[in-house]
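The sequence and the model are shown first.

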Amino acid sequence: MPTLLVPGQAPWMTVPDLIGHLRRTAPRRAYAIHDGLLNDWGLRVLDGVLRSEADRLGADIRRLRPGERVDLAR
């Protein structure tokens, strides 16, 4: 899968669910969205999980910052 948008937080999702989904799909790029309910500590945890999976998969996996844009078509 070239690009994947994943929820950074959801009431029905756990961190192991997020990690498992990233590992199953193995995208070249993944961007976490829907993180608006997380406080600073939760955002740091999410960033750490995404960085760890990016390193493991050799992919660009990260959280989009407010106002940041990426070209999903490439």
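Two strands are taken to pair if DSSP finds at least two bridges between them. The model discussed here is predicted.

## Sheet

Between β2 and β3 there are four bridges, and the two strands pair in the parallel sense.

The open sheet consists of three strands with parallel pairing, in the order β1-β2-β3. β1 and β3 (60-63) are the edge strands, each pairing on one side only. On average, and with direction ignored, neighbouring strands of this sheet are turned by 20° against each other.

## Helices on the sheet

Helix α1 lies across β1, β2 and β3 and runs at about 170° to β1. Helix α2 also packs on the sheet, where it touches β2 and β3; the directions of α2 and β3 make an angle of about 175°.

In soluble globular proteins, nonpolar side chains tend to be buried together. In this model the largest nonpolar core comprises 14 residues, and Val-6, Leu-18, Leu-22, Leu-50 and Ile-61 have the most contacts inside it. At least two core residues are supplied by each of β1 (3-7), α1 (15-25), β2 (29-33) and α2. The largest share, four residues, comes from α2.

What does Ile-61 contact, leaving aside its neighbours within four places in sequence? Its partners are Leu-22, Ala-30, Leu-50, Glu-53 and Ala-54. Two of these, Leu-22 and Leu-50, are themselves listed with Ile-61 among the core residues that have the most contacts.

## Two buried aspartates

Asp-35 is found in the loop that lies between β2 and α2. Its relative accessible area is 16%, which is under the 20% cut-off, and Asp-35 is therefore classed as buried. Residues up to four places away in sequence not counted, Asp-35 touches Leu-43, Leu-46, Arg-63 and Leu-64.

Asp-47 is placed in helix α2, which spans residues 40-57. Is Asp-47 buried or exposed? With a relative accessible area of 13%, Asp-47 also falls under 20%, so the residue counts as buried. Apart from neighbours within four places in sequence, Asp-47 is in contact with Arg-63 and Arg-65.

Methods:
Residues numbered from 1 in each chain as written. Predicted model: local features only at pLDDT ≥ 70, side-chain atom pairs only at ≥ 80, totals over all residues. Heavy atoms only, no water. Buried < 20%, exposed > 50% of the residue type's maximum accessible area, 1.4 Å probe, protein only. Contact = heavy atoms within 4.5 Å. Core = buried A, V, L, I, M, F, W, Y, C linked by side-chain atoms within 4.5 Å. Axes fitted to C-alpha atoms, helices over the stretch in contact; angles between N-to-C directions.
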